[in-house]
Amino acid sequence: MNGMSPQLQNQITQFQQVQQQLQNVTSQRMQMDANRRELVKTKEELDKSTGAVYRTSGAFMIKVEDMDSLKADLEESIETLEVRIGSLERQEASLKEKYTALQETINRAMGAPAQSE
């Protein structure tokens with residue numbers, strides 16, 4: 001980074017940090033979305049089930065006696081994940097805006113033409 005102004009060096013450092021944060025948030029959102037889809041599928045299968053249902057607890061499988069409670073737990077977990085996913089989506093959008101703005105600023109400072117996406 002020799003020959004660059006301290007301000008440009010700082011912007012490049014910020015850009016790299018925002019890029020890393022964006023990758024982390026995107027990864028978290030994707031993982032939570034996968035968990036949510038899995039819970040939705042589990043609930044759908046539970047709704048179709050007519051036989052005995054078991055849930056894992058550590059290394060054990062325990063027969064579920066209260067199906068309504070289990071369904072309520074699943075619904076609550078799904079809702080919680082949806083709230084977290086929404087929060088991560090907002091954070092991701094904010095980081096994308098910051099990423100794009102920094103990218104444009106750095107490109108202008110280095111004399112590169114603006115990229116359109």
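The legends below describe close-up views of one predicted protein model.

The model is predicted, and local features need pLDDT of at least 70, side-chain atom pairs count only at pLDDT 80 or more, and totals for chains, interfaces and linings use all residues. Residues are numbered from 1 along each chain as its sequence is written, and side-chain values use heavy atoms, with hydrogens and water left out.

**Figure 1. Overall layout of the protein.**
The secondary structure comes to 2 helices and 2 strands, and from the N terminus on the elements run α-β-β-α. Helices (H or I, at least four residues) and strands (E, at least two) are DSSP runs, numbered from the N terminus. Along its principal axes the C-alpha trace spans about 70 × 30 × 15 Å. The radius of gyration of the protein is 23 Å, while a compact globule of 117 residues would have one near 13 Å. This radius is taken over C-alpha atoms, and the globule rule is 2.2 Å times the number of residues to the power 0.38. Of the 117 residues, 24% count as buried. Buried means under 20% relative accessible area, exposed means over 50%, and partly exposed is in between (1.4 Å probe, protein chains only). Among contacts (heavy atoms within 4.5 Å) between residues at least 6 apart in sequence, 69% join residues at least 24 apart.

**Figure 2. The largest nonpolar core.**
In soluble globular proteins, nonpolar side chains tend to be buried together. A nonpolar core is here a set of buried Ala, Val, Leu, Ile, Met, Phe, Trp, Tyr and Cys residues joined through side-chain atoms within 4.5 Å. The largest one has 11 residues: Leu8, Ile12, Phe15, Val18, Leu22, Val25, Leu88, Leu95, Tyr99, Leu102 and Ile106. The elements that give two or more residues to this core are α1 and α2, and α1 gives the most, with 6 residues. Which residues does Phe15 touch, not counting those up to four places away in sequence? They are Tyr99, Leu102, Gln103 and Ile106.

Gln11 has its place in helix α1. Is Gln11 buried or exposed? With 16% relative accessibility, Gln11 counts as buried. Its contacts, leaving aside neighbours within four places in sequence, are Leu102, Thr105 and Ile106.

**Figure 3. Three residues of helix α2.**
Glu92 lies in helix α2 and is buried, with a relative accessible area of 6%. Not counting residues up to four places away in sequence, Glu92 touches Leu22, Val25, Thr26 and Arg29. Ile85 is found in helix α2 and is buried, with a relative accessible area of 6%. Beyond four places in sequence, Ile85 touches Arg29, Met32, Asp33 and Arg36. Glu82 lies in helix α2 and, at 42% relative accessibility, counts as partly exposed. Its C-alpha atom is separated by 33 Å from that of Thr13, 69 residues apart along the chain.

Leu46 is found in helix α1 and counts as buried, at 7% relative accessibility. Leaving aside neighbours within four places in sequence, Leu46 is in contact with Val53, Met67, Leu70, Lys71 and Leu74. The C-alpha atoms of Leu46 and Asp68, 22 residues apart along the chain, are separated by 10 Å.

Rolling a probe the size of a water molecule over the atoms shows where empty space is left. On a 1 Å grid over the protein atoms alone, a pocket is an open set of points where a 1.4 Å probe fits, with protein on both sides within 12 Å along at least five of seven lines. Lining residues have an atom within 4 Å of a point. About 170 Å³ of space lies in the largest pocket; grid points are joined across faces, edges and corners, and a volume is the space filled by probe spheres set on the points. Which residues line the largest pocket? The lining is made of Thr42, Glu45, Leu46, Val53, Tyr54, Arg55, Thr56, Leu70 and Leu74. At least two lining residues come from each of α1 (6-48), β1 (54-57) and α2 (67-109). By class, the lining has 5 nonpolar, 2 polar and 2 charged residues. Ala, Val, Leu, Ile, Met, Phe, Trp, Tyr, Cys and Pro count as nonpolar, Asp, Glu, Lys and Arg as charged, and the others, Gly among them, as polar.
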